[in-house]
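I opened the entry to record helix packing and one surface feature. The sequence and structure follow.

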Amino acid sequence: KGLLQDIFHFITHMEKGFGYTLKHLIVAPGHMQRGYIEGNRIKQQKPFAMFFICVTIAALVRYWISNALINFYHADIISEANFFHQYMVIMYIVLLPVYSLITYLFFLKSGNNYAEIGVLMLYTLSFIFLMSTFISLLILIWPELDTAYVEFPIFTFYFTITLKNYFISIPRWQVIVKSILVMAVAFFINDAIEDFVIKLIS
């Protein structure tokens, strides 16, 4: 309990950089991204740096979890472990423009250009990667768990809240519907490419 309190205090009392940005991605998703685009950038972690840090953390944790499953449960997931160790970060850097383009096309009439949507997605995906890191720890308890069943509703909820706060000029129901569709398309693309890469390196 004391450790969790220390971590929470550390994050919530940071005045700039990673901790400050993370705090605002938690308490003000969407508002934080819109503020950055409007010029409130002094205290924020740069978007690509934030994205790179978070996806690297996610990849390392998934790699460590995969190794734990291999060592303690004798799981046949060596290819998956190699994917997390060597290819996951690269894959998401490549997919980032694709996810940004999908979101841009769904919200074409919002008045935001592609670069602004890219910033929105960099920050949003950063926090989603951190959430996926904690969700993936459940595999240590339930090795057979398909985390997608946990991730999709949680990620979609966060993504929807973020976009609702960001696209303030668009009717709420439209943002909700489009957010769910974007996340569904992104999940499909993500799973297809991840499976393809894992089979390729097997």
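Where does Trp 142 lie? I found Trp 142 in the loop between α6 (114–136) and α7 (148–166); helices are DSSP runs of H or I with at least four residues, numbered from the N terminus.

I noted that the model is predicted: local features need pLDDT of at least 70, side-chain atom pairs count only at pLDDT 80 or more, and totals for chains, interfaces and linings use all residues. Residues are numbered from 1 along each chain as its sequence is written, and side-chain values use heavy atoms, without hydrogens and water.

I then looked up α2 (residues 17–27) against α4 (residues 47–73): they pack at about 85 degrees, with axes 11 Å apart (axes are lines fitted to C-alpha atoms over the stretch in contact; angles run from 0 to 180 degrees between N-to-C directions). The two are therefore roughly perpendicular (65 to 115 degrees). Phe 18, Thr 21, Leu 22 and Leu 25 of α2 make the contact with Met 50, Ile 53 and Cys 54 of α4 (heavy atoms within 4.5 Å).

For α2 and α6 I recorded an angle of about 90 degrees and axes 10 Å apart, which makes α2 roughly perpendicular to α6. On the α6 side, Tyr 123, Phe 127 and Leu 130 take part in the contact.

Notes
Parallel < 35°, antiparallel > 145°, perpendicular 65-115°, else oblique.
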